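Trainee: I would like to go through this structure term by term. Please set each label against its definition.

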Amino acid sequence: MENGQEAEKVIRIAGSITVDELAQALGLSVTALIGELFKNGIVATINQRLDFETAQIMIDELGMKNVRLERKNTASQIANEGRRELSKDAVERPPVVAVMGHVDHGKTTLLDNLLKKKTVATEAGGITQHISAYQLEHEGRKITFLDTPGHEAFAAIRQHGAMLTDIVVIVVAADDGVKPQTIEAIKFAQGANAKIIVAINKIDREGADIERTKAGLAEHGLMPEEWGGDIMMIPVSAKTGEGLDKLIEGILLIADVEELKADVKIPAEGLVIESHMETGKGSVVNLLVTGGELKVGEFVAAGGVYGKIRTMTDFRGKPRGKAGPSTPVTVTGFKELPSFGDRFLEYSDEKSARRAAVIAAQAQANEAASANVTSMDLLRMMNVEDNSKVFNVIVKGDVLGSVTSVVDSLKLIDTKGEVTLNVVATGVGDVTENDVYMAAGDNNTVIYGFNVNVPTNISKLAARDGVTIRNYRVIYELLDDARDSMEKLLGEEVVETEVGTMKVMGVFRVTKQELIAGGEMTSGKLMPGVYARVVRGKEVIGEAVVESVQKEKIDAKELIEKEIGGLAMKTEKKIDLVVGDKLEFFTRETRQRKLGE
Ligand code: GDP
């Protein structure tokens with residue numbers, strides 16, 4: 001080589017690289033690299049993934065000055081490319097709102113009633129499929145609601161780097177106050193930089209306490225306007241409809257202050273919020289347009305797939321020719337299913353759309369190799385309570401609705417706070433390589449599939465990496481499995497069952513290892529093999545194991561209530577048994593602990 005210098009070697013990685021791959025790229029043996037990692041305090045196996053920084057440190061430590069590590073673009077980076085500053089022609093757009101809060105606090109009722117109040121009823125036949133976004137109108141202004149029954153949907157959107165939601169309505173029941181999922185919702189909203197408005201719900205209920213609810217929210221950093229803070233808190237009853245207009249006005253007020261705008265004279269862009277296959281229609285995809293105007297006949301690409309918009313309907317199923325910013329629409333025409341959270345863009349012709357899809361697919365494959373998704377780590381931390389065991393799951397379902405139901409039902413498994421369910425990730429579609437990588441990065445993560453497929457290569461990959469995939473078609477079976485798995489985390493417990501008691505009437509032999517005594521059974525029965533607790537007054541003074549039982553000086557299988565007999569016990573230390581002491585006999589077994597006991 002020129003001047004004796006070695007040529008520079010460039011290793012490009014997306015988010016992370018396995019020990020095996022890095023060793024190969026560096027021309028080292030895996031053992032040598034593992035050894036080097038170990039020296040640096042990292043205990044790694046061959047399939048373990050190292051993040052960019054760790055890989056860089058290792059290269060430095062190894063003194064490989066000719067090796068340069070570079071980041072490959074990730075899919076989300078690509079997705080965010082082309083995000084433009086608003087032009088001066090930008091126009092006002094409806095706010096995009098998500099309703100969140102603790103289970104049973106009234107999110108669904110609230111959304112239903114808002115829509116009933118403010119939208120024209122659907123024609124016969126109506127909505128049959130699960131719709132993930134709605135729009136309502138109030139005094140000529142529109143508001144777009146995203147249906148995010150589970151927070152995971154929201155997290156997934158956030159994960160894709162899109163600050164899609166402008167405003168989060170946090171629903172909290174006035175008769176129940178702030179609960180864990182309320183706090184979670186607050187964190188999500190803050191994490192996504194969304195504006196918060198609180199709907200204090202169920203004010204029609206006896207026991208509703210608006211002031212106490214406000215105090216609870218204030219404790220978690222949401223200070224009501226009336227108390228000098230900046231959060232609007234609107235008392236409502238989703239049931240009677242009281243306060244709903246005020247809530248809508250509050251949302252529109254926030255929208256005004258935020259001056260929400262979008263460009264319309266640009267190629268259409270937005271996000272995929274739901275997708276599924278339908279017989280006869282092919283891919284049916286719900287999109288939220290965030291910029292430009294999407295029209296029937298246009299070419300689009302989202303994630304790794306592309307297509308030509310064949311049909312477009314609004315959330316009520318009414319056909320429409322075009323859709324502007326903040327409008328949710330359902331379209332057909334994508335050649336395959338784009339994923340939830342994918343960003344879509346309009347292209348001038350089929351060729352460019354296809355090319356964009358190919359590039360994105362490649363970037364996604366690279367990103368799939370990354371096991372270190374920081375937003376997920378964050379989520380994980382947020383969800384984990386101290387001192388509790390954590391059950392990590394990844395949930396994949398055929399449609400967003402099923403993913404949400406599975407996640408919501410999993411959350412309802414009552415573990416009395418002993419096991420925390422941590423939803424690492426969720427998604428629509430088959431179990432993928434990425435899911436397995438994600439699960440492998442973390443011990444104890446189970447991938448649950450619901451009505452999806454697990455391709456053979458994925459099962460093999462999972463088996464290789466020691467990842468558990470459980471696929472179900474019946475939700476109760478899935479939940480039973482999850483319950484069992486959570487129970488296993490609880491470990492074993494020792495159960496003692498009392499079988500009988502005896503009053504000591506004679507003590508015949510007391511040594512360090514042995515006790516021989518006689519007495520009358522005061523309850524239950526006694527047999528060889530059971531444990532005996534020696535009780536004096538209220539104090540337990542020792543424990544022994546019953547070796548043999550005698551009745552009328554002959555070995556017996558058992559003594560029952562009121563019978564008089566003798567027994568020999570083995571002890572570990574000397575117990576000064578005296579006449580009048582009570583012996584409590586019990587069995588002892590270890591068994592798997594059950595949830596909720
Ligand atoms: P979600 O789990 O947050 O979606 O809660 P739901 O909307 O399913 O509501 C849970 C329960 O509370 C249902 O039985 C509702 O009928 C009831 N509910 C919701 N809002 C109100 C309200 O404002 N007043 C009363 N009395 N009940 C309500």
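Mentor: We begin with a definition: two strands pair if DSSP finds at least two bridges between them. Strands are DSSP runs of E with at least two residues, helices are runs of H or I with at least four, and both are numbered from the N terminus. This is a predicted model, in which local features need pLDDT of at least 70 and side-chain atom pairs count only at pLDDT 80 or more, while totals for chains, interfaces and linings use all residues. Residues are numbered from 1 along each chain as its sequence is written, and side-chain values use heavy atoms, with hydrogens and water left out.

Trainee: How do you know that S6 pairs with strand S9 (residues 167-173)?

Mentor: Five bridges join the two strands, which run parallel. The definition asks for at least two, so they count as paired. Within this pairing, Ala-98 stands opposite Val-168 of S9.

Trainee: What makes S6 and strand S8 (residues 141-146) a pair?

Mentor: Three bridges join them, again in parallel. Here the partner of Ala-98 is Leu-146.

Trainee: Why is strand S6 (residues 96-101) called largely enclosed?

Mentor: Buried means under 20% relative accessible area, exposed means over 50%, and partly exposed is in between (1.4 Å probe, protein chains only). Six of the six residues of S6 are buried, so the rest of the structure largely encloses the strand. Val-96, Ala-98 and Met-100 point one way, Val-97, Val-99 and Gly-101 the other, and all are buried. In a regular strand the side chains alternate between the two faces of the sheet.

Trainee: Which strands does S32 (residues 582-592) join?

Mentor: Strand S25 (residues 492-510) is joined to S32 by 11 bridges, and the two run antiparallel. Met-502 has Leu-583 of S32 as its bridge partner. Strand S27 (residues 531-536) also pairs with S32 in the antiparallel sense, over five bridges. There Tyr-531 is partnered by Phe-586.

Trainee: Why is the contact of Glu-496 with Arg-533 called a salt bridge?

Mentor: A salt bridge is a side-chain nitrogen of Lys or Arg within 4 Å of a carboxyl oxygen of Asp or Glu. The closest N and O atoms of Glu-496 and Arg-533 are 2.9 Å apart, so the pair meets the cut-off. It links distant parts of the chain, with Glu-496 in S25 and Arg-533 in S27, 37 residues apart.

Trainee: What makes Arg-588 and Glu-496 a salt bridge?

Mentor: Their side chains meet at 2.8 Å, N to O. Arg-588 lies in S32 and Glu-496 in S25, so the pair ties together parts 92 residues apart in sequence. Both salt bridges of Glu-496 belong to a network that links Glu-496, Arg-533, Glu-543, Lys-582, Glu-584 and Arg-588.

Trainee: Why is Lys-351 called exposed?

Mentor: Its relative accessible area is 62%, so Lys-351 falls in the exposed class. The residue lies in helix H10.
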